[in-house]
Amino acid sequence: MRILILGAGQVGSTVAESLVGEDNDITIVDTDAEKLRLLQDRFDLRTLVGNASHPSVLEQAGIADADMLLAVTQSDEVNMVACKLAASLYNTPTKIARIRAANYLEHPEIFSADNFCVDFSICPEQILTDYIYKLIEFPEALQVLEFANGRASMVAVKAFEDGPLVGRELRYLRTHMPNVDTRVAAIFRQDGSIIPEGSTVIKAGDEVFFIAATKNIRTVLKEWRHMDKPAKRVMIVGGGNIGRRLARALERDYQVKLIEHNKKACERLAAELAHTLVLCGDGTDENLLAAEHVADVDVFCSLTNDDENNIMSALLAKKGKARKVLSLINRSSYVELVQGGKIDIALSPAHITIGSLLAYVRQGDVAVVHALRRGAAEALEMVVHGERHSSKVVGRRIDEIELPKGATIGAIVRGDQVIMGHHDTVIEADDHVIVFVINKKMISKVEKLFQVSIGFF
């Protein structure tokens, strides 16, 4: 595909990195020449310095031949204008805009074909807020990802030394839980991945991805590790877009404290949040954390715009005996350093957001994409079409399908029914198939496998 990306920030550069290795023709536009130079040094793509909302710049960038426009600059207005120009002047097939302002999102008619012509809008802050909310809801999990409109979920957990399944073969899970169907989609051990089989033995420290019907997630979690008590007390550092959204989402069901250093921002937050205790102070102040009883906090979320402050406040919270600490970290090199150490979960906004964009880029009918392990792997929800003669998957058992090495079918959602992907499971037309791909190089082969042959049309 010919893809034009507007904005070379965290989202734009991460999308470019993910797509450039998949035989896509990528051009990226930004006003910052240095950012573009660094991207061009690392990846095989074109760059252009200029204002992304100017027709002349879009023309130079090749908008006339683009299959897709990803407008992900820091400015909502620039993104919307670029989509409108792409539609009006060049009839670009697919136009996606990053929209951050709640005022715009509350009026979806703004994005219609009669107005700004935005085919799909994404709000990274809301995606991140929803992601963190799930981690608070399931404090034992490293990731919680939903498929098929929430009917199925994939959860990542770390196996601990005294966990019920550590030292046992995976086939034991089925005999031990005869009334709950679940499947292990992948296991990551140290820096490598393991394709799970019935004889695979779980070891302490393994990162295990399992899939089940969402209603059964808590039951399955109990088998992987001793359940933590439910989270009740949440402390948030940072009252920006994400911190404010998260506090608003949590405050009715949890006891929430929010620390913000800017006094005027504190006043606005206090007026907006009805059930959150807003504190004016520094999240890296150990005395403040102690005075606010950080030892009693179930989940500590450091969500400022400063990576170093987020890391320091999370480390101080852990030192102060907070049960679980999450830190928002933009620099991918920092994420790799701190993940799994004193900080329980390092949140990379770009990698969490990218799945929402990839669903529109993937070939075939892809309903959902989730980036896993900081972009190294993917989970895709593929919608199956066709008949046995026109499809390579319809009417076939899973063990008859020629999946590329490193790809596994975790589950199938058929209407309201969630079916685990066992070897003798037969796939039918209109099934939503959840595929786990350990190696991203295999994505194109998985896409071709699920595409309907030309003869079908």
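This report describes a helix pair and the aromatic pairs of a predicted model.

The model is predicted, so local features need pLDDT of at least 70 and side-chain atom pairs count only at pLDDT 80 or more, while totals for chains, interfaces and linings use all residues. Residues are numbered from 1 along each chain as its sequence is written, and side-chain values use heavy atoms, without hydrogens and water.

Helix H6 (residues 124-137) and helix H14 (residues 349-361) have axes that come within 9 Å and cross at roughly 105°. H6 is therefore roughly perpendicular to H14 (65 to 115 degrees). Pro 124, Ile 127, Leu 128 and Tyr 131 of H6 meet Pro 349, Ile 352, Thr 353 and Ser 356 of H14, where contact means heavy atoms within 4.5 Å. These residues divide into 6 nonpolar, 2 polar and no charged.

Aromatic rings pair if their centres lie within 6.5 Å, and planes over 60 degrees apart count as edge-to-face. The count comes to 4 aromatic pairs. In one of them, Tyr 133 and Tyr 254 have ring centres 6.4 Å apart and planes at 90°, so the pair is edge-to-face. This pair links distant parts of the chain, 121 residues apart: Tyr 133 lies in helix H6, and Tyr 254 in the loop between helix H9 (241-250) and strand S13 (255-260).

| Residue | Relative accessibility | Class |
|---|---|---|
| Tyr 133 | 23% | partly exposed |
| Tyr 254 | 12% | buried |

Elsewhere, Phe 188, Phe 209 and Phe 436 form one aromatic cluster.

Note on methods:
Axes are lines fitted to C-alpha atoms, for helices over the stretch in contact, and angles run from 0 to 180 degrees between N-to-C directions. Helices (H or I, at least four residues) and strands (E, at least two) are DSSP runs, numbered from the N terminus. Angles under 35 degrees count as roughly parallel, over 145 as roughly antiparallel, 65 to 115 as roughly perpendicular and the rest as oblique. Ala, Val, Leu, Ile, Met, Phe, Trp, Tyr, Cys and Pro count as nonpolar, Asp, Glu, Lys and Arg as charged, and the others, Gly among them, as polar. Rings of Phe, Tyr and Trp (its six-membered ring) pair if their centres lie within 6.5 Å; planes under 30 degrees apart count as stacked, over 60 as edge-to-face and the rest as tilted. Buried means under 20% relative accessible area, exposed over 50%, partly exposed in between (1.4 Å probe, protein chains only).
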